[in-house]
Amino acid sequence: MTATPAGTASTLVIAPMLVVLVAAAGTLLLGRHPRARTAVSLAGGAGYAIAVAAIDWYIVLGPDAPGIATYQVGDLPAPFGITLVADGLSAFMLTMVAILGIASLVFSTRHLPGGEGRSYYFPLFHFLALGVTGAFLTGDLFNLFVWFEVMLMASYVFVAYSGGPQHTRAAFWYVTLNLLASAVFLLGVGGIYATTGTLNMADLAQRLAEPAAYGLEPVPVVGLLGLLLSVFAIKAGLVPFQFWIPTAYRAAPPQITALLAGATKKVGIYAIIRLSFTIFAGAEVAVDLPLPLVDVAITGDSPLPFVGAALFVMAAGSILLGGIGAVGRDSMEGVFAYSSIGQVGFIAIPVAIATTAAGPELRTFAIIAALVYALNHTLAKGLLFLAVGTVRSATGTSRFADLGGLAKRSPPLALAVFVGSLALVGIPPLSGFFGKFLVFDAAARAGSGPVLVLLLVGSLLTIAYATRLWNRSFWGARTDAVEAATVDPVQVAILVGLAVAIIAVGVGFEPVYEFAETAAEAALDTEGYVDAVDPQTASELAGSNGGGH
Amino acid sequence: MSPDLAMVIAAVALPFVVAALTPVVFRVLGEGTGFVGTVVALTSFGLLATQYGSAGTVGLEWVPSLDLALRFYVDGWALLFAMLACGIGALIFAYSPAYMHGESGLVRYYAALLAFMGSIVGVALAADLIAMFLFWELTSLASFVLIGYYTADDSSQYAARMAMLITVGGGLFLLVGLLLLSLVASDVLGPDAAFNLAAMLESPETMQTALRERGLFLPVLGLLAIGAGTKSAQVPLHFWLPNAMAAPTPVSAFLHSATMVKVGVYFIGRVRPMLVSTEWLFLFATLGLTTMTVCAIMAVASTDIKELLAYSTASHLGLMVAGFGFTSVYGAETGVFHLLNHALFKAALFLVAGIIAHEAGTREIDELSGLRHDLPVTAVITVIVALSMAGIPPFNGFYSKELLFEAAVEASQHHDIGLLGWLYPAVAVFGSIFTVLYSLRFLSLFFGERPEALGHVHRPPVTLLVPPAVLALLAAVVSVDPQLAVDAIVQSGLEATAVDPHEMHVGLPTSYSPALGMSAVTIGVGLVAYPSYGRLHDAIRSIPRTVPPIEANWWYDTAVDGLSGEGRVFAETVHDGTLRTYATWTLTATCTLALAGFVAAGAIAPTELGVEVSLAIALVLLVAVIGGVAVATAESHIAGVLTLSILGFMVAIFYILASAPDLALTQLVVETLVLVIFLLVIEEIPERYEVEIGTVARDAVLSVLVGATAFVTVLVTTGTRPDGSSEIARAYAEQAIPRGGGANIVNVTLVDFRGFDTLGELAVIALAAISILTLIVMRDRDGDRTATHDGDELTGDDSAGTSSDGGDDE
């Protein structure tokens, strides 16, 4: 790498991935030494947090921050090598994952599923983080596929981890549906390469914006985007791609489910936002799809209206299925699993609004709404799934039939869950309020009555299942299981820490909003993205030959 | 004089700060914490009193990017409500230690009560829509915690959840209304005013005109009405309030009579100048009078003294809403003055009910009578406040009720509202008759014979008696000299809520007016009908038994229970536990998305094929297709797997013919391995599956759809690039040796140009190895598993179906 002013920033881009990779390898090698394994694991977590914080400050938020930085792997310029890109959007997602990741990691050291013997828990944990981080940072479509695979394999093991028949079955469903998605992903990526001649996302964006200059016929990309959208919807768990969620979320250890809901789900959302807006928004393809049954036509000068229509339908289905399903569950994690389906619908709604927004202002605003809602969901649902872990390790169960009176048994645990539940409902001044407020506001600004009605119905369902869960497990007569419970103070401290974060985000919302705004602007700034990645032509590549070797 | 920011902030923040410190305070003072609450309430009251006479907006920044601020607005209306909350709060805190003596969970009780009081003060003073909403929701939250105080009690849980669902749910509607309001405000008053309620109220006509121009007037009116109506228990969403009597009585006195439920009324009064109109009149006068009448009738049907008071509260809230609904100045006078009067008499009555329950040990109306012998002071208090509730002159409730009658008459005289013109006054009188009836019934608890069954009734301690006595005294003062209260605070409250405020005068009527006639009819009929109270009571009670849907509770139970039950069935119908269903949905949706995308962009019909198909390739592919069909129709698994390998080997031959020998080699290896593994696994699989013909047909259609989608995708994407290879591919060919130092372009791409992908794939392989090890290791650790997961917890709930039927869709 030649010395440039952006040199440090550039190296920072790959830093979080290197940290988790080293942590994964280290914990794998130390498999027989539990203490060292835990120490390396925690050090890896800390290093990851530092790396992400450094990206936040030196690349995105600091006074001299460039806003975006790239790392060309192997010093091979884009689009010939693989490019990693850190911008506001990536940094926002990474920060979210880092906060929850640390909580889940520390939690895991207190409650290691399968006991303290030889275990692959921590390597898997770090590999999962590697996949998520790679997906947020890569600027290459095929490379995105690779990190999806890493995520999938690591989470597959976790779903099957506890080893019972029900876990194996959940894992089988999970891996089957996700492997289908992988095949579809490959088909889509192959199609895009065949159509546009590139896999680099920045290069793709500039080629799609001026297809004639590159001698391309970009018409097929809308269908290909449809294929990719289905893949990302599987990751995000949008209806009708949600089938794996209830069983997989219940089968995985709760602290991992916290990550599945808080982090890998957000990868799907991130990919939808990144591809739809940064890459495909400027594509010069007109769409026109009359839908005679509902008497509307999807029309526009870019693929966005198509994405938007699909997202509206999927989000509406998710909000209703998730909400209605959650009200009838009979265990804590059952409620939260269905709730995750519903909540991701609330995140997808503003994304859909952004695709159909009349002006750039509303588009930015809607994406901010989606990001803030996503942040709240990560914090709140992360907290709640970790709380399921605490309840299970304290009482041995998380079924309502066996629970009751937890509030008096452990007031701090109850308080944390109360805050988490209220954040889901959207009570001010918690982070969840701003999520809900911004999403409602985006719908109001878009002037969409039906969407507002949908959001109202979904929110009412949220109150219904949150209060039901509270009454069934935290109030009521104390059961034998709760009577005999021993609540781990460190686990509760982690939950309280997340609850404090939820409150802090709401009370001190201004900086969070500014970060989300930076992220949303980055998501919409195709030109800045392309300039930063700076795709070269073949002759430029030949001219720079020998520079790095 | 403009308000002092520090004083206002301190008055709002103090209760919250002390609420946060309650655990510490309680550790030191124990049950005496209640008196700390009194001090806090009185301090806030004092801080607010220093602002008496000032008017204006002060505030702190909160989220400047969104123009959100903690703005506070001080005027007569805000001070009236805020000081009422603090004043009655002080009495409630003083009453609590004796009443709640020996209860557990008092930290939670006092913390929630303090936070609750702070929230009310916040709502009263907030001049920012979102700050107002913040405090609004906090009152619902505090209410949830306090109604559910007896956490192990089913009725407490039921009532708490109901209150939360209704009031927080209503809050959502309010939020949407506020957002629409803010959109309009930022349009016409500038972006700074987006959430600035004070700015909107400064230009009420502009706002109303702008709302109407955008067609948002009725939606906003409706949404705000739902928000305020749920909070202030208006029919048909009133039913949470009577259920909320599951809370400890001091809470009922404070939250569910004097303050929280008035938040909705307060807000209606606050936005009244901006939205007042004919639609406003129709909406709120109708809503309020309906609530007033229905709930008064329900109060007559009550069997429990707290239930009676709860319905009475809803009824009086209806009166205030109706008052504000009438657009004349009398309407505003009714709303403001009755807010004060009702707080005084109803808080006192609830505290009396608390004394009765505490000392007599029952709240059943039928079991109580003649209490004046045992509770003489309480009896005196009750006489004053119950007659005030009934609206009997010269008690204070009479004056505000008289104003309602005047407003109703004014509406029928000055508005062309047809049938409603006489209906409004008639309903107001009709509802008020029931008010007289149940007020007398409550009073009768103290008179008549003392029943035998009633055990020993203790004398209440002084701390239980002083708070209601203070309230009764205040009510008496207002009764004797109502103009004093008007001049002190009601007049300035009127100026904030009325469009054309004038000098307000109240007093005993000196000449005949229609309103006086209505009062006379009300009291007269009430007295005449009182002897038939028992029959009336039984008759009303029998109605819901014959027609359950007439009760709002019935609708709630049906909806909430139905939601749980149907939700369960729905989720288990969708997630039926068969992978076949899941894959069908997933694949259908994927294909739909892809094909719709191709159709939308007009990519479905490529002009020409990019490749020519030789006879050899055509033959190979034909055999492959026949192999594919044979797999699907094979008689046994072995035959299926063997035919599957025909298909695989044909693909390998295709690669050879297409000049890709390395791919062909890979394909042959994979194919051989797959064949071997399948043959090993088949032993473990049942020999046959019974599959219904419908399923077969569905699978066949799905297979064709998936195949068609993949085919179309490949066709349209490869048909568009006539030149075959991309710039990148050509560059790789040129650079393989100079940059990668290798003559095999595939190798160089894998390990050099795209080595990072390979790194990731190596991780995948490592993970695959780990997964096998983990599955084997964890299988042996059954003991650990049962320790942390009880055996059936994953099968009982979501995974309703039996094990998957093969996963053969892939």
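Which residue of E2(A) does A:Ile68 stand opposite?

Author: A:Ile68 stands opposite A:Asp87 in E2(A). First, the ground rules. This is a predicted model, in which local features need pLDDT of at least 70, side-chain atom pairs count only at pLDDT 80 or more, and totals for chains, interfaces and linings use all residues. Residues are numbered from 1 along each chain as its sequence is written, chains are lettered from A and ligands numbered from 1 in the order in which they are written, and side-chain values use heavy atoms, without hydrogens or water.

Now the strand. E2 spans residues 83–87 of chain A, and five of its five residues are buried, so the rest of the structure largely encloses it. Buried means under 20% relative accessible area, exposed over 50%, and partly exposed in between (1.4 Å probe, protein chains only). A:Thr83, A:Val85 and A:Asp87 point one way from E2(A), while A:Leu84 and A:Ala86 point the other way. The partner is strand E1 of chain A, residues 68–72; the two run antiparallel over five bridges. Strands pair if DSSP finds at least two bridges between them. Helices (H or I, at least four residues) and strands (E, at least two) are DSSP runs, numbered from the N terminus.

The whole structure holds 12 cavities of 30 Å³ or more. A cavity is a set of points on a 1 Å grid over the protein atoms alone where a 1.4 Å probe fits but cannot get out; lining residues have an atom within 4 Å of a point. Points are joined across faces, edges and corners, and volume is the space filled by probe spheres set on them. The largest cavity has a volume of about 170 Å³. It has 16 lining residues, and those closest to its centre are A:Tyr48, A:Val97, A:Gly101, A:Phe125 and A:Ala129. In chain A, helices H2 (34–61), H3 (88–110), H4 (121–137) and H10 (254–279) each supply at least two lining residues.

B:Cys86 is buried, at 0% relative accessibility. B:Cys295 is also buried, at 0%. A search over all chains finds zero disulfides, a disulfide being a pair of cysteine sulfur atoms within 2.5 Å. B:Phe756 sits in helix H31 of chain B, residues 755–779. B:Phe756 is buried, with a relative accessible area of 9%. From B:Phe756 to B:Ser44 is 712 residues in sequence and 65 Å in space, C-alpha to C-alpha.

Note on methods. On a 1 Å grid over the protein atoms alone, a cavity is a set of points where a 1.4 Å probe fits but cannot get out, and a pocket is an open set with protein on both sides within 12 Å along at least five of seven lines; lining residues have an atom within 4 Å of a point.
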